[in-house]
Amino acid sequence: RLSIDGVRAIQVDSSRYSAETGKGSAGAVDIRTGMGDDRWRPSATNFVPGFENHKGFTLTDWTPRGSISGPVRRGRAWLFDSFDAQYDKNIVDELPVGEDRNTSWRTSNLLRTQVNLAPANILIASWLVNYWNAPRNGLTFLDPLETTVDRRSRQHFFSVKDQIYLGRGALIEIGYAATRGFARENPQGRETYRLTPDGRQGNFFLRSQRHTGRDQWLAHAFLPAFAARGSHQLRAGLDLGRLTYSQLSDRHSYEIYRSDGTRSRRIEFGGAADVRRKNFEAAGYLQDRWKPLPYLLVEMGLRADWDQIIRRQALSPRVSVSLAVPGLENTKIAAGFGLFHDATNLRVLSRHLDQYALARYYGPDGQSLVGNPSVSVYRVNESGLTTPVYRNWSLGVEQLLPWGLHGRFEYLR
């Protein structure tokens, strides 16, 4: 079973396939989606909000959800739309009424369509929107109203993919996806932010907004099965991606105080507040699903990644083995190894373009300067960068037990 952007594809031997019904005969390529059938099916749940008698009777949480699916054209085109939201209210008992609560809203909507252009050609498109609004975020007993931050973010994700069945078990897909993100943080003012042993005071020191973007092009191919010391099913693919990141920051000073109330340190900021960075990524992979014996399955793959910043190839081999123990038809043993590389993080690799911090230290009286100011500056040697790498090992045993029970042991390192 191969996950293809929410579509389950089961690849086996036969070449007989019908995209009109979305189902294949026994031993065919079977593509099923959550699009529903030729009937309109609405659903809704959790539309009754939650109330609480907490410093007065108030609405505290609400998580409405709803969806609808049905045919745009019966037997050929369908759509699915799902909406959900989450409302939360936080009340701090120790703060005075009127300054003791904050709220947040999260909403999400997924619109998805499937069109069967031909009996062996399926077009799938989706559009996902996420939104978050949290005024007075960070309110606690030690962080009163004036220290909080109004936070807001949104993200749009669009994708379109065309899957074409070529016969003899061969399938290709091409697609494009785009992501656009925005995040903003607004403090309540520009008063100096103060960190004391008794809590925070003043206004948070950072006002910022960030924009992110990603465009991705992909091409995948499931090749016809062939026999060579067992059956083989090859899969190959190519991914290209363009990423952008921009950040605009407005920082003012903040101060740190000792337990006796005297000032210990003051931090100010200088340098450019506008940061922009971009990157281009390319990846390719080849995977072989090999069945040398009826009770043994081996999957081997190699992935190669390259990007414009690191400028060196990162190879990721993967292998897994699944064994149905001969004579123990209710037992399966599986093991695997994979090497995984992190994607390049543009936000981390943009820090040296951001503002620098200037710290001034004060004596016990809180007024006299001690020593020279200290400057904190990020430096990056991009010629020596490598990507973080992880080595994952896994081992599992599955056993079908009496009375329809199923047991499984898994080990992951």
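The following legends describe close-up views of a predicted model.

**View A. A nonpolar patch on the surface, formed by Ile333, Leu395, Val397, Phe409 and Tyr411.**
Together, the five side chains Ile333, Leu395, Val397, Phe409 and Tyr411 have about 430 Å² of accessible area. Strands β28 (389-400) and β29 (406-412) each supply at least two residues of this nonpolar patch. Leucine 395 is placed in strand β28. Its relative accessible area is 40%, a value between the 20% limit for buried and the 50% limit for exposed residues, and leucine 395 is therefore classed as partly exposed.

**View B. The aromatic pair of tyrosine 87 and tryptophan 105.**
A pair of aromatic rings is described by the distance of the centres and the angle of the planes. The model holds eleven aromatic pairs. In the one formed by tyrosine 87 and tryptophan 105, the ring centres are 5.2 Å apart and the planes stand at 55°, a tilted arrangement. The pair links distant parts of the chain, with tyrosine 87 in strand β10 (residues 77-91) and tryptophan 105 in strand β11 (residues 101-118), 18 residues apart. Tyrosine 87 is buried, at a relative accessible area of 10%, whereas tryptophan 105, at 30%, is partly exposed.

**View C. The rings of phenylalanine 204 and phenylalanine 205.**
The ring centres of phenylalanine 204 and phenylalanine 205 lie 4.8 Å apart, and their planes meet at 40°.

**View D. Arginine side chains over aromatic rings, at phenylalanine 269 and tyrosine 362.**
Arginine 251 lies over the face of phenylalanine 269, at 5.7 Å from the ring centre. Arginine 263 is placed over the face of tyrosine 362, at 4.0 Å from the ring centre.

**View E. Antiparallel pairing of strand β17 with β14 and with β19.**
Strand β14 (residues 170-187) and strand β17 (residues 206-222) run antiparallel and are joined by 15 bridges. Glutamate 185 has serine 208, in β17, as its bridge partner. Strand β17 is also joined to strand β19 (residues 231-251), by 17 bridges, and these two strands run antiparallel. Here arginine 210 has glutamine 247, in β19, as its bridge partner. In a regular strand, side chains alternate between the two faces of the sheet.

Methods: Residues numbered from 1 in each chain as written. Predicted model: local features only at pLDDT ≥ 70, side-chain atom pairs only at ≥ 80, totals over all residues. Heavy atoms only, no water. Patch = residues over 30% accessible without salt bridge, like charges linked within 9 Å, V, L, I, M, F, W, Y side chains within 5 Å. Areas by Shrake-Rupley, 256 points an atom, 1.4 Å probe, with all protein chains shown as cover. Salt bridge = Lys/Arg side-chain N within 4 Å of Asp/Glu carboxyl O. Helix = DSSP H or I, 4+ residues; strand = E, 2+ residues; numbered from the N terminus. Buried < 20%, exposed > 50% of the residue type's maximum accessible area, 1.4 Å probe, protein only. Phe/Tyr/Trp six-rings, centres within 6.5 Å; stacked < 30°, edge-to-face > 60°. Lys NZ or Arg CZ within 6 Å of the ring centre and 35° of its normal. Pairing = 2+ DSSP bridges.
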